[in-house]
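Here is a short briefing on one protein model. Keep the sequence and the 3D view open as you read.

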Amino acid sequence: SGMADVEGTHYCHPSEPSAWVRRYAYLVQPNQRVLDVAAGKGRNTRFWLQEGHPVVAIDRNVSHLTSFATTHDTHPSLEVIACDLEAENAQWPLDGVPFACVCIINYLWRPLFPTLLDAVSPHEGVFLYETYAVGNEEFRRNPRNPDHLAKTGELLDVLTSEAARAKGFRVVGFEEGVVTKQCDGARRMVQRVVAVRSDHGVLLPTSEQGLSLS
């Protein structure tokens, strides 16, 4: 198929954060705000809170997130916003509010790209993105709709576009390939990118900083 095996694991336990998030969390400035887009059941929201970051979590259905917020009163720094980002004439609820990290995992809505890039702080802000990619349909698993699958190199193209370069984004990492769930061997085609808005070089992960994806 020509698809490379990407080092990494998709965890079976629904509360496990993304390995991509864990690997590059060290880039985010301590105790600064994180935006979790399409936060789902809050697996990455929970991780960011445990790391000491205030979190704004957005999703169309926030039932899991609101129950999570009420049962985690030790985390008053969680704000949950219900918003259908794909609705016709949808309004972005956070205009002008920059974040130390914008995190998007397993969600793709292309019209949002410019807004998400603008939401990243120009002062060492981090853009963390991972989603399903073209080729996932070969595994007979959802999503299969091309509208919901990143095209080959698409996330890299977005972060190296003239618009992104003008905003000061520097790509720190990019991967595209197959990941396998440890528990049942299920395979997924994914694409993931991490970039920082910075006017100087970024410290790359070492064994002490980034966690291994294996």
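**Briefing: core, charges and rings**

Tryptophan 48 has a relative accessibility of 0%, so it counts as buried. Buried means under 20% relative accessible area, exposed means over 50%, and partly exposed lies in between (1.4 Å probe, protein chains only). The model is predicted: local features need pLDDT of at least 70, side-chain atom pairs count only at pLDDT 80 or more, and totals for chains, interfaces and linings use all residues. Residues are numbered from 1 along each chain as its sequence is written, and side-chain values use heavy atoms, with hydrogens and water left out.

**Overall layout**

- The protein chain holds six helices and eight strands. Helices (H or I, at least four residues) and strands (E, at least two) are DSSP runs, numbered from the N terminus.
- Along the sequence, the pattern is β-α-β-α-β-α-β-β-α-β-α-α-β-β.
- The protein chain has 214 residues, and 46% of them are buried.
- Take the contacts between residues at least 6 apart in sequence: 63% of them join residues at least 24 apart. Contact means heavy atoms within 4.5 Å.
- The protein chain has an accessible surface of about 10,600 Å², and carbon and sulfur atoms account for 48% of it. Accessible areas come from the Shrake-Rupley method with a 1.4 Å probe; for residues, only the protein chains shown count as cover.

**Salt bridges**

- Side chains of opposite charge can pair when their charged atoms come close. The cut-off for a salt bridge is a side-chain nitrogen of Lys or Arg within 4 Å of a carboxyl oxygen of Asp or Glu.
- By this rule there are five salt bridges.
- One of them joins arginine 23 and glutamate 175, at 3.4 Å from N to O. This pair links distant parts of the chain: arginine 23 is in helix α1 (residues 19-24), glutamate 175 is in strand β7 (residues 169-181), and they are 152 residues apart.
- Glutamate 175 counts as buried, at 18% relative accessibility.
- Arg23 and Glu175 also belong to a network of salt bridges with Glu130 and Arg192.
- Glutamate 154 pairs with arginine 110, and their closest N and O atoms are 2.6 Å apart.
- Glutamate 154 is buried at 11% relative accessibility, whereas arginine 110 is partly exposed at 23%.
- Aspartate 118 and lysine 167 form another salt bridge, at 2.6 Å from N to O. Aspartate 118 is in helix α4 and lysine 167 is in the loop between α6 (162-166) and β7, so the pair connects parts 49 residues apart in sequence.
- Aspartate 118 is partly exposed at 46% relative accessibility. Lysine 167 is also partly exposed, at 27%.

**Aromatic rings**

- A pair of aromatic rings is described by the distance of the centres and the angle of the planes. Rings of Phe, Tyr and Trp (its six-membered ring) pair if their centres lie within 6.5 Å; planes under 30 degrees apart count as stacked, over 60 as edge-to-face and the rest as tilted.
- The whole structure has five aromatic pairs.
- Tryptophan 20 and tyrosine 24 make an edge-to-face pair, 4.9 Å centre to centre with 65 degrees between the planes. Both sit in helix α1, four residues apart, about one turn of the helix.
- Phenylalanine 47 and tryptophan 48 have ring centres 5.5 Å apart and planes at 70 degrees, so they are edge-to-face. Phenylalanine 47 is buried, at 11% relative accessible area.
- Phe113, Phe127, Tyr129 and Phe169 make up one aromatic cluster.

**A charge over a ring**

- Which ring lies under the charged end of arginine 33? It is the ring of phenylalanine 99, with the charged end 4.1 Å from the ring centre. The rule asks for NZ of Lys or CZ of Arg within 6 Å of the ring centre and within 35 degrees of the ring normal.

**Positive phi outside glycine**

- Asparagine 89 has a positive phi, near 60 degrees, and is not a glycine. Asparagine 89 is in the loop between β4 (78-82) and β5, and is exposed at 66% relative accessibility.
- Glutamate 124 is not a glycine either, yet its phi is positive at about 70 degrees. Glutamate 124 is in the loop between α4 and β6 (125-132), and is partly exposed at 26% relative accessible area.
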